[in-house]
Amino acid sequence: MRRSASRNVPVTAVAVALLAVGAAAPPSHSATAPPPEKTPVAAGYGGAVASVDADASAAGIEVLRRGGNAVDAAVATAAALGVTEPYSAGIGGGGYFVYYDARSRTVHTIDGRETAPRSADSSLFLEDGRPIPFAEAMTSGRGVGTPGTPATWDAALGAWGSRSLGQLLKPAERLAKHGFTVDATFRAQTQSNQERFADFPDTARLFLPGGALPVVGSVFKNPDLARTYAELGRKGTGALYRGELGRDIVRTVRNPPVSPDATRVVRSGDLAAGDLASYRTKRQAPTKVSYRGLDVYGMAPSSSGGTSVGEALNILEGTDLSKASQARYLHRYIEASRIAFADRGRWVGDPAFEDVPTEGLLSQRFADSRACLIKDDAVLKSPLAPGDPADPTPCATGGTAAPTTFEGENTTHLTAADKWGNVVAYTLTIESTGGSAITVPGRGFLLNNELTDFSFAPANPAVHDPNLPGPGKRPRSSISPTIVLDRHNRPVLAVGSPGGSTIITTVLQTLTGTLDRGLPLVDAIAAPRASQRNTAATELEPGLWNSPVRQQLEALGHVFTQNPEIGAATGVQRLPDGRWLAAAETVRRGGGSAMVVHPARGR
């Protein structure tokens, strides 16, 4: 998604040139050093990092080179993304962290999702009994949840890290102080938010200096964020959850600093100091399904990612996708996605408030009862009614359907691995591109609008909606950081993506592209995508929209709309010779950045 000397390189050229030799971060990152080159695939030893941004990947590699582990590298990379990807992530947001521990050969997760204020109820986004306009909710204090990202870093480092938070924030602090090179993607994202940003003086001063868009090739500095990182490094995350930084957040949410010239309706929020002080991450078991003899681990609710990806894989288990034609493969993948989203909408919410049948959703028996709905010569119609995991009747078509509710499409994902074999898949977010558009004055970061991931009202009043707001409740997410292990419980690959509800389909398509279709990981990431989320039409990227396979699928009854870009995945993979391979996008969001500590040719 950025910026530093970025180039779009054909996949074939990448595979020939880079898969053999890899890409490494420069030995150090100083104010005068040129920005690291962006390459989408690298292979070698000592560890690997893949993200959307070269400076962020370099921060993680710097930590690995100095003896840190994958968790340390993930935190350093995430902090750097808060500088270079401020419209996607930062300490004003939250996320989900999945970790493979090489010593015990086990997978662990941290739910660092934002939470609603304790004063919230199901009418959070209702006025006079009707939902407020989404555009007004997304740009408001009303949509801001208690940030979970700093607590996630704290929890991960406390459990599995080897370096202090202060040490790991240093690369990002330097990057914020000295700046990064603006590219066309950063400028375009700023431009798409220009009207929103202009209505908040602190946001405008930071991202629209002099009232103008940042110039491609210029250096963007954020000294306020550098000071904020330095404060967090000295005082710890208590500065946010119990200190002056937290009080600044609360004041900003409760009284958004809007320009007196703004005509926009900007509602206040009800976040309180007690919400910050009482925030806790959740350590919980991952989801797990078996697929093609491998174990696939993901994020359990409050995210719907693990259950939805897992259910869809279970549905696809009965089809030999390696021998299927491209049309049959896509047809089966699309229909499995449709079914998984129908069940997600009915059953998945915050398990602290809802009875979420996670085990049932992930059972092969339930998947088989749903898979028999798929026919090779016909297309299911959306909205499709959900199944019942407690009563998995084969091919049941009863129940009441509800449409899939809207979810914002921006986030960022990173993957990291170290020389000991530990692996991290970590997706973090502030929700919409630009979040709430509200910058905390003097602090250098945007606040999330994550609470807009709640259903404002039931999608269908006749169907229970598990994703209505509640006090301290986590809104449902689609974030899907995924780690795949072999039968010896050793890592095969890890992958994840941004993209709102398209995250689930992006991860599913990348997994099947690699595990079933035999594509190299970088090619599976680069492949043109389709996304079906229990909606009337399936979204296609141009590579599929303009291909003959579209006509073949339309002849079955599929309906398509075009989406110019779906997701922006990154991944790491353990190669048979022991090397790590890091992979990222070749084109989407300006291309991603894959790096290893010691590039090496295959033996």
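Contact means heavy atoms within 4.5 Å of each other. By that rule, and leaving aside neighbours within four places in sequence, Ser369 is in contact with Pro392, Thr393, Pro394 and Cys395. This is a predicted model: local features need pLDDT of at least 70, side-chain atom pairs count only at pLDDT 80 or more, and totals for chains, interfaces and linings use all residues. Residues are numbered from 1 along each chain as its sequence is written, and side-chain values use heavy atoms, with hydrogens and water left out.

- Helices (H or I, at least four residues) and strands (E, at least two) are DSSP runs, numbered from the N terminus.
- Ser369 has its place in helix α17.
- Ser369 is buried, with a relative accessible area of 5%.
- Buried means under 20% relative accessible area, exposed means over 50%, and partly exposed lies in between (1.4 Å probe, protein chains only).
- Helix α17 spans residues 364–371, and its buried residues are Phe366, Ala367, Ser369, Arg370 and Ala371.
- The cover over these buried residues includes α14 (305–316), α15 (326–347) and α16 (358–361).
- The structure holds one disulfide, a term for a pair of cysteine sulfur atoms within 2.5 Å.
- This bond joins Cys372 to Cys395, with 1.9 Å from S to S.
- Both cysteines lie in the loop between α17 and β11 (412–418), so the pair ties together parts that are 23 residues apart in sequence.
- Cys372 is partly exposed, at 22% relative accessible area.
- Cys395 also counts as partly exposed, at 32%.

**Nonpolar cores**

- A nonpolar core is a set of buried Ala, Val, Leu, Ile, Met, Phe, Trp, Tyr and Cys residues joined through side-chain atoms within 4.5 Å.
- The largest one has 69 residues, and Phe97, Trp153 and Tyr229 have the most contacts inside it.
- Helix α3 (residues 70–84) supplies the largest share of this core, ten residues.
- A second, separate core has 65 residues, including Tyr333, Ala336, Ile504 and Leu508.
- Look at Trp153: beyond its neighbours within four places in sequence, its contacts are Val75, Ala78, Ala79, Ile91, Leu165, Leu169, Tyr229 and Tyr426.

**Strands and sheets**

- Two strands pair if DSSP finds at least two bridges between them.
- Strands β9 and β10 (residues 294–298) pair in the antiparallel sense over five bridges.
- Ser290 has Asp295 in β10 as its bridge partner.
- β9 and β10 form a hairpin with two residues between them.
- In that turn, Arg292 has a positive phi of about 55 degrees.
- Strand β9 (residues 287–291) has a covered face, made of Thr287, Val289 and Tyr291.
- The uncovered face of β9 holds Lys288 and Ser290.
- Elsewhere, an open sheet of three strands has the order β15-β16-β17, with mixed pairing.
- Its edge strands are β15 (530–531) and β17 (560–562), each pairing on one side only.
- Strands β16 (residues 538–540) and β17 run parallel and are joined by three bridges.
- Thr538 has Phe560 in β17 as its bridge partner.

**Aromatic rings**

- Rings of Phe, Tyr and Trp (its six-membered ring) pair if their centres lie within 6.5 Å; planes under 30 degrees apart count as stacked, over 60 as edge-to-face and the rest as tilted.
- The count comes to 15 aromatic pairs.
- Phe134 and Phe456 form a stacked pair, 5.8 Å centre to centre with 20 degrees between the planes.
- This pair links distant parts of the chain, 322 residues apart.
- Phe134 is in helix α4 (residues 134–138), while Phe456 is in the loop between β12 (423–429) and β13 (482–485).
- Phe134 is partly exposed, at 27% relative accessible area, whereas Phe456 is buried, at 12%.
- Tyr329 and Tyr333 are also stacked, at 6.4 Å centre to centre and 20 degrees between the planes.
- Both of these tyrosines lie in helix α15, four residues apart, about one turn of the helix.
- Tyr329 and Tyr333 are both buried.
- An α-helix has 3.6 residues a turn, so residues three or four places apart point the same way.
- Ring pairs also link Tyr87, Phe180, Phe186, Phe197, Phe207 and Phe220 into a cluster.

**Charges over rings**

- A charge sits over a ring if NZ of Lys or CZ of Arg is within 6 Å of the ring centre and within 35 degrees of the ring normal.
- The charged end of Arg346 sits over the ring of Trp347, 4.0 Å from its centre.
- Arg574 lies over the face of Trp580, at 4.3 Å from the ring centre.
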